[in-house]
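Reader: I am new to this structure and would like to understand the words used for it. Could you take me through them with care?

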Amino acid sequence: MREKEIIKGFSKLDKEDKIKKVASFFHDSERVEKELKSFWHPEIETQKLFDEFAENTISNFYFPYGMAPNVIINGKNYMIPMVIEESSVVAAASNSAKFWSTRGGFHTKIIGLTKIGQVHFTWAGAPEKLKQHFPQLRKLFFNGTEYITKNMRQRGGGILDIELVDMRHEIADYYQIKAQFNTIDSMGANFINSCLEEFADILKNYVIENEELKAFPAQVIMSILSNYTPDCLVEAWVECNVDELEGVDPDISAQEFAWKFEKAVQVATVDTFRATTHNKGIFNGIDAVVLATGNDFRAVEACGHTYAARDGKYRSLTFIELKDGRFKYTLRVPLSLGTVGGLTKLHPLARFTMELLGDPHAEDLMQIAAVAGLANNFGALRSLTTKGIQKGHMKMHLLNILNNFGVTETEKHAAIEYFKTRKVLFNAVEEFVKDVRKK
Ligand code: MEV
């Protein structure tokens, strides 16, 4: 690898020259160029589409696109596409789906669909003056954004409420215009931000023109949606009689499993170290669906983790009720997703995902993603509280280890057979490959 100099005007280069530039850092630049191009889509138009999703694109980065079949949600059978690089995530979701398919499936409900946006500003005048004028301002905000909200209102959404929040206890002269939105089937970031920027202009002009306020200008710091949407919330759960858990694992009774499972959830509720891993397992499933639908997984993650810490301590997103011989296990998670806009209809596989899921509305997709999260988490806890995570995990990881050694198909099959009855450890696989090659 060669030393990199500061590059001027990289973004202005065409794609070929960008690749050449990157390849020039390597001693075998020809190989690098060839490899980068080998991941281009064969259809020029499709490749162009991918290139235009983001800046400075030189190739595509492949991730597996897998399927979790037999996922029963509110009585309907789904096959859920999942984009994930981690072996065993799709398997965990599929196994849980199979297990629950004979125990009533997954149940879901939407708790709310409200999203939030804020204009952060300062104003140094007497607070009661601003508060007196706010009802008039509020009307102007609604009226002044009618041209933006028209279509959304026709679909049943729009701005739900706008309030003035006095934040002077935190920062001198600091206020917020805090607005609630329903963005129906779109994730809504552009819609919300456009409304907020209009509010900001209306506010500034109102203050300048008003005799009682104009001694101090309204200084708008920023206008932006909040990715924290605690009221855009969905619940997914599974439930059955404890007896029906029989068969969850050959080495444990239904009662013992329910007891251990309850303890595991309690641990994730009280211990932040465990809660983080527990919730990570939930997002294994959620993110995979979010990615497969072209939604914004960073927004979903940021929101979910903030929600997990809403009472001041980071806790599990799931909770369990175990009483009177019933087992009920619930995930409650805020999910701000879209089924229109963004990449959802542009990315060919995101579009296919939507088709396979039956062209869901955003609230349907929230329920599907939440189920994927719960299915993965149930699968993880099922393994953790019984045979341990490594057995299943390493079985799935075996192919990755083998591929590291560049095995042939014959060596691969021999290894799979051999490790059916043995512990998969990196060293053990390495030894096995060496032995096979010696023979
Ligand atoms: C691994 O990706 C996820 C788990 O660690 C989740 C958990 O511990 O609950 C298995």
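**Helix packing and the ligand**

Author: Helix H8 (residues 254–270) packs against helix H12 (residues 362–384) at an angle of about 115°, and their axes are 10 Å apart. This is a predicted model, in which local features need pLDDT of at least 70, side-chain atom pairs count only at pLDDT 80 or more, and totals for chains, interfaces and linings use all residues. Residues are numbered from 1 along each chain as its sequence is written, and side-chain values use heavy atoms, with hydrogens and water left out.

Reader: Why are H8 and H12 called roughly perpendicular to each other?

Author: Angles of 65 to 115 degrees count as roughly perpendicular, those under 35 as roughly parallel, those over 145 as roughly antiparallel and the rest as oblique. The angle between H8 and H12 is about 115°, and therefore the two are roughly perpendicular to each other.

Reader: What makes the contact of H8 with H12, and how do its residues divide by class?

Author: Phe257, Phe261, Ala264 and Val265 of H8 meet Phe378, Leu381 and Arg382 of H12, where contact means heavy atoms within 4.5 Å. By class, this contact of H8 with H12 has 6 nonpolar, no polar and 1 charged residues.

Reader: What makes H5 oblique to H7?

Author: The axes of helix H5 (residues 127–144) and helix H7 (residues 189–209) come within 10 Å and cross at roughly 135°. That makes H5 oblique to H7. On the H5 side the contact is made by His133, Gln136, Leu137, Leu140, Phe141 and Gly144, and on the H7 side by Glu198, Phe199, Ile202, Leu203 and Tyr206. These residues of the contact of H5 with H7 divide into 7 nonpolar, 3 polar and 1 charged.

Reader: Why are H13 and H14 called oblique to each other?

Author: Helix H13 (residues 389–404) and helix H14 (residues 409–418) pack at an angle of about 140°, with 11 Å between their axes, and they are therefore oblique to each other. Leu398, Leu399, Leu402 and Asn403 in H13 meet Lys412, Ala415 and Ile416 in H14, and the residues of this contact divide into 5 nonpolar, 1 polar and 1 charged.

Reader: Which residues surround the ligand, and how do you know that Glu86 makes a polar contact with an oxygen atom of the ligand?

Author: Among the residues that surround the ligand are Glu86, Arg274, Lys280 and Asn284. A polar contact is a pair of N or O atoms within 3.5 Å, and an N or O atom in the side chain of Glu86 is 2.6 Å from an oxygen atom of the ligand. For the side chain of Arg274, the distance from such an atom to an oxygen atom of the ligand is 2.8 Å, and for that of Lys280 it is 2.6 Å.

Terms used:
Axes fitted to C-alpha atoms, helices over the stretch in contact; angles between N-to-C directions. Helix = DSSP H or I, 4+ residues; strand = E, 2+ residues; numbered from the N terminus. Nonpolar A, V, L, I, M, F, W, Y, C, P; charged D, E, K, R; others polar. Near = heavy atom within 4 Å. Polar contact = N/O pair within 3.5 Å; in protein donor to acceptor, adjacent residues only side chain to side chain.
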